[in-house]
Amino acid sequence: MAARLCLVVLALAAAAHAEQFEVIQPVENPHAAAAKGGVSLEGEQVCDSGLSSSCGALGVLDVTQVLSAPVLTQPDTLLGIVRKKYMGVEVPIYHFRQSSRLNPKQLPFQIVRVRTIDTTGATIIPVDPVSAADSWFTGYSWDVVVCEQCDGWRHLGWHFRSNATGESFFALIVDYVEGRRGESEGRASILEALTVGVRAPAWVLALAGVATMHGSR
């Protein structure tokens, strides 16, 4: 009887644990053309030509790399910070809008700060120092992080570097789906799914083109 009860408890614990784990796949821009080819769980895209294009950061998000410590933010662009529980880890998700000094449209983004990413297939594109200094995170300058896939460039997020110490981190663009909220979860609600990256907009494509030309010289 005791052994059967133990098995039931273990089964229930496993089921509850599994609810927090979902597949993370790339975000598709609904206004962009449909992607050509499929994307594997490892972020590798199989093109119609049969060739593969690997983009490591578009795979599973490594929650062990998530940064949760407080950091100074730009007051006129921060819309808020929400905390979501994903894979058993409380993840701060920053809601920003672009600075009007950089883009009059002030497009909104949801980002997660991480120590590092799988840089397979990724490219860090530097921007001009004046723009880079106008940063969501005070005291840090930013560069753009992209990854080329069969169907075009993906904008993964940004790379931030401290102007004082050189310390750096990545900020990944994310989207998420809310799950049910348990009474014991506290302030952090559970996420059913968390996706990373968006189709690169025109200004990022222009930067990527310049970087590609310089790299081929």
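Biologist: Let's start with His155: is it buried or exposed?
Modeller: His155 is buried, because its relative accessible area is 0%, and please keep in mind from here on that this is a predicted model.

Biologist: Which strand is His155 found in?
Modeller: His155 is found in strand 9, which covers residues 152-162.

Biologist: And what lies 3.2 Å from a polar atom of its side chain?
Modeller: That is the backbone oxygen of Gly157, which lies 3.2 Å from a polar atom of the His155 side chain.

Biologist: Changing topic to rings, how many aromatic pairs does a search of the whole structure find?
Modeller: The search finds eleven aromatic pairs. One of them joins Phe137 and Phe169 edge-to-face, with 5.3 Å from centre to centre and 85 degrees between the planes.

Biologist: Where do Phe137 and Phe169 lie in the chain?
Modeller: Phe137 lies in the loop between helix 2 (129-133) and strand 8 (140-149), while Phe169 belongs to strand 10 (residues 168-178), so this pair ties together parts that are 32 residues apart in sequence. Phe137 is buried, and Phe169 is buried as well.

Biologist: What about Phe160 and Phe169, why does that pair count as stacked?
Modeller: The ring centres of Phe160 and Phe169 are 5.3 Å apart and their planes meet at 15 degrees, so the pair is stacked, given that planes under 30 degrees apart count that way. Both Phe160 and Phe169 are buried.

Biologist: Which charged end sits over the ring of Phe137?
Modeller: The charged end of Arg113 sits there, 5.8 Å from the centre of the Phe137 ring. Arg113 also lies over the face of Phe169, at 4.4 Å from that ring's centre.

Biologist: While we are on Trp158, how far is its C-alpha atom from that of Ile125?
Modeller: The C-alpha atoms of Ile125 and Trp158 are separated by 9.1 Å, although the two residues are 33 residues apart along the chain. Ile125 is found in strand 7, residues 122-125, and with 2% relative accessibility Ile125 counts as buried.

Biologist: New topic, how many disulfides does the structure hold?
Modeller: The structure holds one disulfide, and this bond joins Cys55 to Cys147 with the sulfur atoms 2.0 Å apart. In general, a disulfide is a covalent bond between the sulfur atoms of two cysteines.

Biologist: And which parts of the chain does the pair tie together?
Modeller: Cys55 lies in the loop between strand 3 (52-54) and strand 4 (78-86), and Cys147 lies in strand 8, so the pair ties together parts that are 92 residues apart in sequence. Cys55 and Cys147 are both buried.

Biologist: How many salt bridges turn up in a search of the whole structure?
Modeller: The search finds three salt bridges. In one of them Arg101 is paired with Asp76, where the closest N and O atoms are 3.1 Å apart. This pair links distant parts of the chain, since Arg101 is in the loop between strand 5 (89-97) and strand 6 (108-114) and Asp76 is in the loop between strand 3 and strand 4, 25 residues apart.

Biologist: Is Asp134 buried or exposed?
Modeller: Asp134 is buried, with a relative accessible area of 13%, whereas Asp76 counts as partly exposed at 35% relative accessibility.

Biologist: Which residue does Glu90 form a salt bridge with?
Modeller: Glu90 forms a salt bridge with Arg83, and the closest N and O atoms are 3.5 Å apart. Glu90 is partly exposed at 29% relative accessible area, and Arg83 is partly exposed too, at 27%.

Biologist: What stands opposite Arg83 in strand 5?
Modeller: Pro92 stands opposite Arg83. Strand 4 and strand 5 pair in the antiparallel sense over eight bridges, and they form a hairpin with two residues between them, where Met87 in the turn has a positive phi of about 55 degrees.

Technical notes. Residues numbered from 1 in each chain as written. Predicted model: local features only at pLDDT ≥ 70, side-chain atom pairs only at ≥ 80, totals over all residues. Heavy atoms only, no water. Phe/Tyr/Trp six-rings, centres within 6.5 Å; stacked < 30°, edge-to-face > 60°. Helix = DSSP H or I, 4+ residues; strand = E, 2+ residues; numbered from the N terminus. Buried < 20%, exposed > 50% of the residue type's maximum accessible area, 1.4 Å probe, protein only. Lys NZ or Arg CZ within 6 Å of the ring centre and 35° of its normal. Disulfide = S-S within 2.5 Å. Salt bridge = Lys/Arg side-chain N within 4 Å of Asp/Glu carboxyl O. Pairing = 2+ DSSP bridges. Polar contact = N/O pair within 3.5 Å; in protein donor to acceptor, adjacent residues only side chain to side chain.
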